[in-house]
Amino acid sequence: YDKHLTFDWDKFKETNVKMTNDIQRILPTVGHSDMKHDLESIEKLLSIGMKNRDINTMLYAHRILQDLDVEYNKRADSKFGFSIYDSGGENSSIVTKYLEDNKKLLDTN
């Protein structure tokens, strides 16, 4: 609800490390390839976001997480359509294109 307009990248550094570590820890236990893909996409978005300070990465990561929560937990909430898990979403191509367009940021430290 417009909190992204005042996003504090410095405060997010610690959360970013924790989220990235959590994703790395659970990835080997995820049996569904589409869920694994979504989690890897979140990890890439977080990396790009921290390097480029692009708020779109946080919006996309949040939308994927929301979709995964709704789909995996079979909640009645509405989805953003950004996750490919559970037959995918109509907006998942936005993330795919964004990651492809910003791939060079993943290849640098």
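This is a predicted model: local features need pLDDT of at least 70, side-chain atom pairs count only at pLDDT 80 or more; totals for chains, interfaces and linings use all residues.
The largest nonpolar core comprises 22 residues. Leu39, Ile42, Leu45, Ile64, Leu68 and Val95 have the most contacts inside this core. The largest share comes from α2, with six residues. Nonpolar side chains tend to be buried together in soluble globular proteins. With neighbours within four places in sequence set aside, Leu39 is in contact with Ile23, Ile26, Leu27, Val30 and Leu68.

Empty space was examined next. A probe the size of a water molecule, rolled over the atoms, shows where such space is left. One cavity of 30 Å³ or more was found. The largest cavity holds about 40 Å³ of space. Its lining consists of His37, Asp38, Ser41, Ile64, Phe82, Ile84, Ser92, Val95 and Thr96. Helices α2 (33-52) and α4 (92-101) each contribute at least two of the lining residues. By class, the lining of the largest cavity has four nonpolar residues, four polar residues and one charged residue. Two of the lining residues, Ile64 and Val95, are also among the core residues with the most contacts.

The second largest pocket has a volume of about 170 Å³. Its lining is made up of His37, Glu40, Ser41, Lys44, Val95, Thr96, Leu99, Glu100, Lys103 and Leu106. Two or more of these residues come from each of α2, α4 and α5 (103-106). The lining of this pocket divides into three nonpolar, three polar and four charged residues.

The whole structure contains five aromatic pairs. In one of them, the ring centres of Phe7 and Trp9 lie 4.6 Å apart. Their planes meet at 65°, so the pair is edge-to-face, the cut-off for that class being over 60 degrees. Phe7 is partly exposed, at 27% relative accessible area. Trp9 counts as buried, at 8% relative accessibility. Phe7 and Trp9 also belong to one aromatic cluster with Phe12.

Tyr72 and Tyr85 form another of the pairs. The centres are 6.5 Å apart and the planes stand at 50°, a tilted arrangement. This pair links distant parts of the chain, 13 residues apart. Tyr72 sits in helix α3 (residues 55-72), and Tyr85 in the loop between α3 and α4. Tyr85 is buried because its relative accessibility is 13%, and the cut-off for buried is under 20%.

Tyr85 also takes part in the surroundings of a charged residue, Glu71. Glu71 is located in helix α3. Its relative accessibility is 5%, so Glu71 counts as buried. Beyond residues up to four places away in sequence, Glu71 touches Lys79, Ser83, Tyr85 and Asp86. Tyr85 thus touches Glu71 and pairs with Tyr72, a residue of helix α3.

Notes. Residues are numbered from 1 along each chain as its sequence is written. Side-chain values use heavy atoms; hydrogens and water are left out. On a 1 Å grid over the protein atoms alone, a cavity is a set of points where a 1.4 Å probe fits but cannot get out, and a pocket is an open set with protein on both sides within 12 Å along at least five of seven lines; lining residues have an atom within 4 Å of a point. Grid points are joined across faces, edges and corners, and a volume is the space filled by probe spheres set on the points. Helices (H or I, at least four residues) and strands (E, at least two) are DSSP runs, numbered from the N terminus. Rings of Phe, Tyr and Trp (its six-membered ring) pair if their centres lie within 6.5 Å; planes under 30 degrees apart count as stacked, over 60 as edge-to-face and the rest as tilted. Buried means under 20% relative accessible area, exposed over 50%, partly exposed in between (1.4 Å probe, protein chains only). A nonpolar core is a set of buried Ala, Val, Leu, Ile, Met, Phe, Trp, Tyr and Cys residues joined through side-chain atoms within 4.5 Å. Contact means heavy atoms within 4.5 Å.
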